[in-house]
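Please consult the sequence and structure while reading.

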Amino acid sequence: MKLYYKPGACSLASHIALHEIGTEFDIDQVDTQAQKTETGGDFGDINPKGVVPVLKLDNGEVLTEGAAILQYIAEQNPSAGLAANAGTMERTRVQEHLTYISSELHKSFGPLFASSSTDEQKDTARENVAKKLDYVNSLLADGRQYLVDNKFTVADAYLFVVANWANFTNIDLSKWSHVADFVKRVSARENVQRAMKAEGLLD
Ligand SMILES: N[C@@H](CCC(=O)N[C@@H](CS)C(=O)NCC(=O)O)C(=O)O
């Protein structure tokens, strides 16, 4: 398998999950502006959507959309426990969180990364992010370590990556103490550190 990624982007969640299941895989960094990959590929040909993550399977099939890729990775090694079996309530909860993180939290950060955003648009985006973080903080306030069944799943990998963007967008995460603690907890995982090192985000 090969993961197409951009350092620190949402693709980091899939990168973490690949380390967590203990499989062999390649990575290829994408310059999404130029639509080129580090190994010289034309990214537009690989993913016409033009965004990471992309997972190229060994049979050549190409999978896009982080929430789908994360669940596919989890399915490759069920014993790693990254998502309960399909059809269970626990799995449905994982999907519920993945969908919220993808469509609400992730997207609310968008204007904060766009060079075309005005200061006013960025302030509005920070207000939107704050509302989503309020919700996530309320979930974690019951003392759970991880989102579903107190076990680390792909939903936690995705939440970690997106919540951590606060630290790069002038949002003081300490206002959401449970989310801040969650980010610290997940960042201490060995496989998270491995993925971050491989992306040049840690020494
Ligand atoms: N719907 C896609 C969205 C993926 C997405 O937003 N990817 C961002 C990085 S987090 C991207 O590649 N943006 C293009 C860019 O940064 O130039 C998914 O959930 O996988």
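Q: Which exposed residues does the face of helix 7 turned away from its buried side carry?
A: This is a predicted model, in which local features need pLDDT of at least 70, side-chain atom pairs count only at pLDDT 80 or more, and totals for chains, interfaces and linings use all residues. Residues are numbered from 1 along each chain as its sequence is written. A residue is exposed if 12 or fewer other C-beta atoms, placed from the backbone, lie within 10 Å of its own, buried if there are 20 or more, and partly exposed in between. On the face of helix 7 turned away from the buried side, the exposed residues are Ser177 and Lys184.

Q: Why do the buried residues of helix 7 line one face of the helix?
A: Helices (H or I, at least four residues) and strands (E, at least two) are DSSP runs, numbered from the N terminus. Helix 7 spans residues 177-187, and Val179, Phe182, Val183 and Val186 are buried there. Taking directions from the helix axis to the C-beta atoms, these buried residues line one face because they fall within an arc of 100°.

Q: Against which helices do the buried residues of helix 7 pack?
A: Two residues are in contact if their C-beta atoms, placed from the backbone, lie within 7 Å. The buried residues of helix 7 pack against helix 5 (119-140), helix 6 (154-164) and helix 8 (190-198).

Q: Which domains does the domain assignment of the protein chain give?
A: Domain bounds come from an automatic or database domain assignment. For this protein chain, that assignment gives domain 1 (2-81 + 191-198) and domain 2 (89-189).

Q: Which element gives the largest share of the side of domain 1 that touches domain 2?
A: In domain 1, 15 residues are in contact with 14 residues of domain 2. The elements giving two or more residues to this side of domain 1 are helix 1 (11-21), helix 3 (66-76) and helix 8. The largest share, six residues, comes from helix 3.

Q: How many residues of the shell around the ligand are charged?
A: The ligand is surrounded by residues that include Lys6, Thr32, Glu65 and Ser102, a residue being near if its C-beta atom, placed from the backbone, lies within 6 Å. Asp, Glu, Lys and Arg count as charged, Ala, Val, Leu, Ile, Met, Phe, Trp, Tyr, Cys and Pro as nonpolar, and the others, Gly among them, as polar. The shell has five nonpolar and three polar residues, and the number of charged ones is two.
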